[in-house]
2 protein chains.
Amino acid sequence: MVTIGDVARAAGVSRSTVSYALSGKRSISDETRQRIQEAITRLGFTPHAGAQALATAQTKVIGLMLRFHDDEFAPAMLQYVLPLSDTAREMGYDVLMVTDADGAEALRRITKSGKVDGLILLDVAHNDPRLEPLRAAGKPGVLVGLPQDTDGLDILDLDFAAAARMLVDHLQGLGHREIILVTPPLEVFKRGISYSWRFRDAAIERARELGLVLHAHYGESRQPAVGETLNAVLDEHTSATAMIVHNDGSVAALPMVLHERGVRVPEDLSVTSLYSQEFGRTFSLPYTAVETSPRELGRLAVRQLVDRIRDGDGPGPHRVRFLPPTLTDRGSTT
Amino acid sequence: MVTIGDVARAAGVSRSTVSYALSGKRSISDETRQRIQEAITRLGFTPHAGAQALATAQTKVIGLMLRFHDDEFAPAMLQYVLPLSDTAREMGYDVLMVTDADGAEALRRITKSGKVDGLILLDVAHNDPRLEPLRAAGKPGVLVGLPQDTDGLDILDLDFAAAARMLVDHLQGLGHREIILVTPPLEVFKRGISYSWRFRDAAIERARELGLVLHAHYGESRQPAVGETLNAVLDEHTSATAMIVHNDGSVAALPMVLHERGVRVPEDLSVTSLYSQEFGRTFSLPYTAVETSPRELGRLAVRQLVDRIRDGDGPGPHRVRFLPPTLTDRGSTT
DNA sequence: CGCACTGATCGAACCGGTTCGACGATCATC
DNA sequence: GATGATCGTCGAACCGGTTCGATCAGTGCG
């Protein structure tokens with residue numbers, strides 16, 4: 001391995017001079033800088049990350065904490081991971097992906113050992129056990145998903161309540177009076193993933209305000225339960241003219257279910273949902289839907305985190321930020 | 001931050017004694033060991049990863065290099081990532097996930113800076129640009145996917161040729177004489193992902209041996225091309241009685257396509273494919289298929305890598321290992 | 001009883017960077 | 001021509017671990 005000492009010797013300067021030439025923290029004459037630069041490329045020097053971390057207490061790595069649950073539709077989470085990783089790299093950070101079953105313990109481990117400069121937590125629950133160790137860690141963290149206690153944390157999430165109102169309003173504007181709402185599975189509510197009730201409760205509330213009938217039912221994430229549940233719900237509410245599907249697994253299975261039942265969209269049933277453009281393309285979903293913007297959310301999360309890391313908790317107060325929903329009309333309502 | 005020096009002071013011993021107590025590399029009296037242990041838990045000591053990496057030249061991190069291409073079905077790769085991550089953790093390693101567009105450069109960066117102890121490369125191409133820097137890095141690497149030059153590398157992959165023969169044999173045994181084969185998209189062949197032609201060529205070869213007619217066509221990964229292509233192929237070969245689908249995107253879209261055409265499986269068409277149980281469940285695919293075992297592949301890859309890391313290239317010669325395919329009969333052939 | 005050996009511990013050096021304080025040279029200022 | 005900045009560079013200390021060699025007490029053996 002080639003060290004900074006090798007470079008210094010080759011360039012005929014001291015180690016500290018090489019370091020300063022690299023960091024630019026002190027002025028170095030053009031001539032010396034060039035000799036150093038030449039030596040670096042000739043020898044192929046790259047600073048040792050461990051040594052750097054030791055000296056600077058910075059790792060240039062961010063931790064990404066996620067977990068795949070049986071009650072979730074796995075491909076959906078992937079949409080967040082890639083933009084996060086790409087954005088991190090753009091900003092000079094690598095990503096340590098942590099999928100431990102015990103998230104709290106894993107978080108403690110990687111923060112206390114100084115493996116990461118900051119953390120991004122996905123799929124945050126109402127009473128998330130990772131928050132206590134996160135607060136104790138003294139490292140910046142950005143959450144995607146809304147917990148109960150937001151004190152001292154940066155949070156990013158879609159405004160699910162506004163999204164629900166937007167969809168109900170949209171359907172009401174088209175004259176629908178009876179709507180089926182498929183929510184996330186019961187287990188997701190139980191796990192405390194707040195978007196599930198934020199969306200549902202806002203939808204129910206808005207329907208009430210507008211005098212609409214809204215039937216809320218839990219969806220499922222896995223086959224064959226998904227299809228069975230969708231069929232049962234459709235059987236139960238034959239007079240409903242519109243549907244809001246707030247569940248990735250259900251919406252992915254919906255085209256097949258409707259096709260088998262001979263239900264035409266939008267002639268027989270207006271269908272709306274909530275998914276990203278990317279997700280819709282992958283699963284060829286033809287529904288008018290609120291865009292969930294995972295790409296934007298991921299980018300914003302990393303930016304926010306890196307700002308905090310750089311400014312050491314300086315750039316203003318912690319805050320909860322909800323992205324405003326936007327509707328993509330794919331012609332599945334009438 | 002609490003250091004090993006703090007622990008030593010609290011326990012009334014030297015720093016080296018604490019280190020030895022922790023590593024067990026020299027004998028320590030029971031009494032001292034307990035005092036140290038008590039001090040560690042009381043103070044909440046965790047070794048600094050950077051310092052450890054510097055002193056031992058080991059990071060306990062493995063790099064996972066992957067890339068999502070437009071011509072691929074993104075959810076499919078996820079199946080490999082999770083088992084990899086879980087297995088790594090079981091064996092005491094964290095995972096640095098690298099998704100850079102320039103994989104070769106990224107590989108150089110993380111190996112030369114000593115950020116990882118070893119690497120796993122997914123989706124390896126025939127002439128993969130990452131192999132040169134990998135060989136130069138002097139760190140162990142395990143590939144999933146078969147490159148042209150396997151010298152000095154450990155490789156794991158499904159035996160796609162055997163899988164192809166298995167499916168052709170299966171259909172021939174049922175009396176089919178004319179078979180449609182949907183291969184991965186042309187772009188995948190062009191990128192040099194060898195499983196595409198390993199499977200196709202073996203299927204063609206076997207069909208020839210058995211005197212069967214086999215129509216090979218490129219599939220697509222994205223909507224709406226997937227559906228259009230499948231329909232075109234089915235239109236072209238109306239006398240074919242069986243189908244082999246070797247393409248994630250196509251097989252995920254197939255149920256809908258067949259349903260829309262009114263084709264019953266297996267009465268009108270016998271359908272076989274190649275996907276994992278997990279994948280099949282997520283997309284509710286009902287086809288008899290070769291199991292791709294991403295979970296097992298992931299586990300084996302990490303195990304192999306960790307063995308190499310531990311034994312410093314000692315545990316026997318490098319080798320290419322093909323997992324034998326197994327057929328899961330889901331009743332979609334007759 | 002003296003000697004070799006083992007077990008438990010310590011101190012110092014080392015891993016490869018960064019950073020602080022000091023120092024000589026150069027240059028403008030009065 | 002002395003004074004004080006400023007610039008460019010160096011040496012030493014430091015970050016927090018690990019490991020080598022040495023020391024010392026206790027033990028077994030001839």
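**Close-up views of a predicted two-chain model**

**View 1. Helix 8 of chain B passes helix 10 of chain B in a right-handed crossing.** A crossing is called right-handed if the near helix is turned clockwise from the far one by less than a right angle, and left-handed if anticlockwise. This is a predicted model, in which local features need pLDDT of at least 70 and side-chain atom pairs count only at pLDDT 80 or more, while totals for chains, interfaces and linings use all residues. Residues are numbered from 1 along each chain as its sequence is written, and chains are lettered from A, and ligands numbered from 1, in the order in which they are written. The axes of helix 8 (residues 160-173) and helix 10 (residues 195-210) of chain B come within 7 Å and cross at roughly 35 degrees; axes are lines fitted to C-alpha atoms over the stretch in contact, with angles from 0 to 180 degrees between N-to-C directions. Helices (H or I, at least four residues) and strands (E, at least two) are DSSP runs numbered from the N terminus.

**View 2. Residues of helix 8 of chain B meet residues of helix 10 of chain B.** Among them are B:Phe160 and B:Val168 from helix 8, and B:Tyr195 and B:Leu210 from helix 10, where contact requires C-beta atoms, placed from the backbone, within 7 Å.

**View 3. Chain A and chain B are in contact, with 40 residues from chain A and 40 residues from chain B.** Helix 5 of chain A gives the most to the side of chain A that touches chain B, with seven residues.

**View 4. Strand 2 of chain A pairs with strand 2 (residues 94-98) of chain B in the antiparallel sense, over three bridges.** Pairing requires at least two bridges found by DSSP, and the bridge partner of A:Met97 in strand 2 of chain B is B:Val95.

Terms used:
Contact = placed C-beta atoms within 7 Å.
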